[in-house]
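Here is a friendly walk through the aromatic side chains of one protein. Please have a look at the sequence and the structure first.

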Amino acid sequence: GDLNVLKVMIGFVSVFGRSKCDLSLEFNNRNSQNLTICMAKPGKRLPEKTVEIFCKKCTCLLYKYRKGGTGSLVKCWIERIVHDYTQTPCICPKCNSQFARFAMIRGAPAHKIIGGKVYMKK
């Protein structure tokens, strides 16, 4: 009966009342595990602040990027890159060092920055 089915629902709501993260998990012992995840993507409206991202090794300009928030640069959502100065994604055009890795984060494409490889100027 009902003892074989476990359902968990978690929701996080932001200060503005907009749902930021929803997680729904259903586990049925008889069949297989059904996992449904609906997580927040980057906001539809781009942030106003544009930053320039440089290679730390050779100081070459890599991106002009619309960054939200005041924290350090961990990932670059591809849809927020205003101008990409690289010929090969995630590779510096001047010194050929890899500064990021491609990743799908919450269903949206992004570049995950490798720690200490880049710096940004506002």
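Does Tyr-119 count as buried, partly exposed or exposed? Its relative accessibility is 26%, and because buried means under 20% and exposed over 50%, Tyr-119 counts as partly exposed. Keep in mind that this is a predicted model, with values computed from its atoms.

Now to the ring pairs. The count comes to two aromatic pairs, and the table puts them side by side.

| Pair | Arrangement | Centre to centre | Angle between planes |
|---|---|---|---|
| Phe-54 and Tyr-119 | stacked | 5.3 Å | 15° |
| Tyr-63 and Phe-99 | edge-to-face | 5.6 Å | 75° |

Let's take the stacked pair of Phe-54 and Tyr-119. Phe-54 belongs to strand S4 (residues 50-55) and Tyr-119 to strand S10 (residues 118-121), so their contact ties together parts that are 65 residues apart in sequence.

Next comes the edge-to-face pair of Tyr-63 and Phe-99. Tyr-63 is found in strand S5 (residues 61-66), while Phe-99 sits in the loop between strand S7 (81-84) and strand S8 (100-105), so this pair ties together parts that are 36 residues apart in sequence. Tyr-63 is buried at 0% relative accessibility, and Phe-99 also counts as buried, at 1%.

How values were computed: Residues are numbered from 1 along each chain as its sequence is written. This is a predicted model: local features need pLDDT of at least 70, side-chain atom pairs count only at pLDDT 80 or more; totals for chains, interfaces and linings use all residues. Side-chain values use heavy atoms; hydrogens and water are left out. Rings of Phe, Tyr and Trp (its six-membered ring) pair if their centres lie within 6.5 Å; planes under 30 degrees apart count as stacked, over 60 as edge-to-face and the rest as tilted. Helices (H or I, at least four residues) and strands (E, at least two) are DSSP runs, numbered from the N terminus. Buried means under 20% relative accessible area, exposed over 50%, partly exposed in between (1.4 Å probe, protein chains only).
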